[in-house]
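Trainee: Could you walk me through this protein, one question at a time?

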Amino acid sequence: MSSYTPDDKRYEAIPYARCGRSGLKLPRISLGLWHNFGGVDPLENQRALLRRAFDLGITHFDLANNYGPPPGSAEENFGRILRADFAAHRDELIISTKAGYHMWNGPYGEWGSRKYLLSSLDQSLKRMGLPYVDIFYHHRPDPDTPLEESMGAVADAVKSGRALYAGVSNYNAAQTRQAAAILKSFGVPLLIHQPVYNIFNRWVEPELLPALTEIGAGCIPFSPLAQGLLTNRYLQGLPADSRAVKSGVFLNAEKITPEVLAKIRALNEIAQKRGATLAQFATLWLLRRPEITTVLIGASKVTQIDDIHSGLRLPALSREEQGAVEKILTS
Ligand SMILES: NC(=O)c1ccc[n+]([C@@H]2O[C@H](COP(=O)([O-])OP(=O)(O)OC[C@H]3O[C@@H](n4cnc5c(N)ncnc54)[C@H](OP(=O)(O)O)[C@@H]3O)[C@@H](O)[C@H]2O)c1
């Protein structure tokens, strides 16, 4: 028996939004398990993060085959915690996984062949101890495999019952339109797109977001806080327990230049003026766009989830604040 009883007020704690034109609603914040859920991370903290998220009505947890380190360990840990704490709540959860990046050696361990995608999904299900995931994504476009093959595999994942919905990640607007059309021809709608999107990286705005509206797919931006840059984390130097120091692969000291820091400080001032933390402000900035279904955060501490969650109660960003952000970005 689990010692965990979820908060019975959890569904009043967070708003939910419809994902594109589908019937699925997602919480305005979702939790990703890319960092802090690997074999190298303490399981008790992982458990505390997942419990706190669920207590706040965060029903969506995002994984991928390669999350760790080591690759695969985030799915194993998630499966462990799921069995211990959430077994009675599976139907209240939206669990996603992905395949596309390197997972095993040889020609079938990455990219977008049918062989790789369906083998990888079966491995993910085994690691998590699940008969199906809610969303299966192709993690990145494959320049060498026909899109019909990759999308055919994703559609078959859905049709075979191993996934309920189909998603793509890191596809540009043209690739997304094509993917959606191919999926549709197999009778499977494109539910959602997962692109990087934050104040510092706005590549989705000119073409991808309008394409998603046209297709009727939702959008779940990843690294919404630019991996922690758009928070108070690096305002006073480099904390020993931060991603830039602990992991250092995707975010490291070299990326935190004086120019970047000056922008972070200026953004922090606008956030403070409205009584928000920078993390709350950066989240509200994304939610200003109607195309955004849910913001996919990462967290190393329970207090970080609390912080972003409580920011959802603040008023939406004003035109003046949006203008001030533009000014900082172009200065
Ligand atoms: N599809 C893809 O290709 C792809 C790629 C990357 C990520 N993703 C998905 O997106 C998820 C989120 O990505 P991400 O972890 O880069 O997101 P992020 O939200 O931009 O960064 C998360 C980090 O920001 C810091 N943080 C979060 N909340 C904070 C707060 N309130 N105050 C201060 N610092 C705070 C923490 O850093 P510290 O750890 O330093 O405390 C945390 O680990 C991943 O878990 C994964 O599911 C997908």
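The talk below goes from the overall fold to the sheet, the core and the ligand shell.

Mentor: This is a predicted model, in which local features need pLDDT of at least 70, side-chain atom pairs count only at pLDDT 80 or more, and totals for chains, interfaces and linings use all residues. Residues are numbered from 1 along each chain as its sequence is written.

Trainee: How many helices and strands does the protein have?

Mentor: Both are DSSP runs, numbered from the N terminus: helices are H or I with at least four residues, strands are E with at least two. By that reading the protein has 11 helices and 10 strands.

Trainee: What is the radius of gyration of the protein?

Mentor: It is taken over C-alpha atoms, and the globule rule is 2.2 Å times the number of residues to the power 0.38. For 331 residues the rule gives 20 Å, and the model comes close to that, so the protein is as compact as a globular protein of that length. The C-alpha trace spans about 50 × 50 × 40 Å along its principal axes. The radius of gyration is 19 Å.

Trainee: What percentage of the residues count as buried?

Mentor: A residue is buried if 20 or more other C-beta atoms lie within 10 Å of its own, exposed if 12 or fewer, and partly exposed in between, with C-beta atoms placed from the backbone. Of the 331 residues of the protein, the buried ones make up 46%.

Trainee: What is the strand order of the open sheet?

Mentor: Two strands pair if DSSP finds at least two bridges between them. The sheet has 8 strands, with parallel pairing. β9 (218-219) and β10 stand at its edges with a single partner strand each, so one side of each is left without a neighbour in the sheet. The order is β9-β8-β7-β6-β5-β4-β3-β10.

Trainee: Which residue in β5 is the bridge partner of His 60?

Mentor: β4 and β5 also run parallel, joined by 3 bridges. Strand β5 (residues 94-99) is mostly covered, with 6 of its 6 residues buried. Ile 94, Ser 96 and Lys 98 point one way, while Ile 95, Thr 97 and Ala 99 point the other way. The bridge partner of His 60 is Ile 94.

Trainee: Which residue in β7 stands opposite Ile 135?

Mentor: Strand β6 (residues 133-138) and β7 pair in the parallel sense over 5 bridges. In strand β7 (residues 163-169), 6 of the 7 residues are buried, so it is largely enclosed by the rest of the structure. Opposite Ile 135 stands Tyr 165.

Trainee: Which residues have the most contacts inside the largest nonpolar core?

Mentor: A nonpolar core is a set of buried Ala, Val, Leu, Ile, Met, Phe, Trp, Tyr and Cys residues joined through C-beta atoms within 7 Å. The largest one has 93 residues. Its largest share, 8 residues, comes from helix α9 (residues 278-287). The residues with the most contacts inside the core are Val 154, Ala 166 and Leu 183.

Trainee: What covers the buried residues of α9?

Mentor: In α9, 10 of the 10 residues are buried, so it is largely enclosed by the rest of the structure. Among the buried ones are Phe 281 and Trp 285. The cover includes α8 (258-273), β10, α10 and α11 (319-330).

Trainee: Which residues does Met 151 touch, not counting those up to four places away in sequence?

Mentor: Met 151 lies in helix α4 (residues 147-159). Met 151 is buried, with 26 other C-beta atoms within 10 Å. A contact here means C-beta atoms, placed from the backbone, within 7 Å. Met 151 touches Ala 179, Ile 182 and Leu 183.

Trainee: Which element gives the most to the shell around the ligand?

Mentor: A residue is near a molecule if its C-beta atom, placed from the backbone, lies within 6 Å of it. Of the 30 residues around the ligand, Gly 32, Trp 34, Phe 222, Gly 228 and Gly 298 come nearest. The elements giving two or more residues are β10 (295-297) and α10 (302-311). With 3 residues, the one that gives the most is α10.

Conventions:
Two residues are in contact if their C-beta atoms, placed from the backbone, lie within 7 Å.
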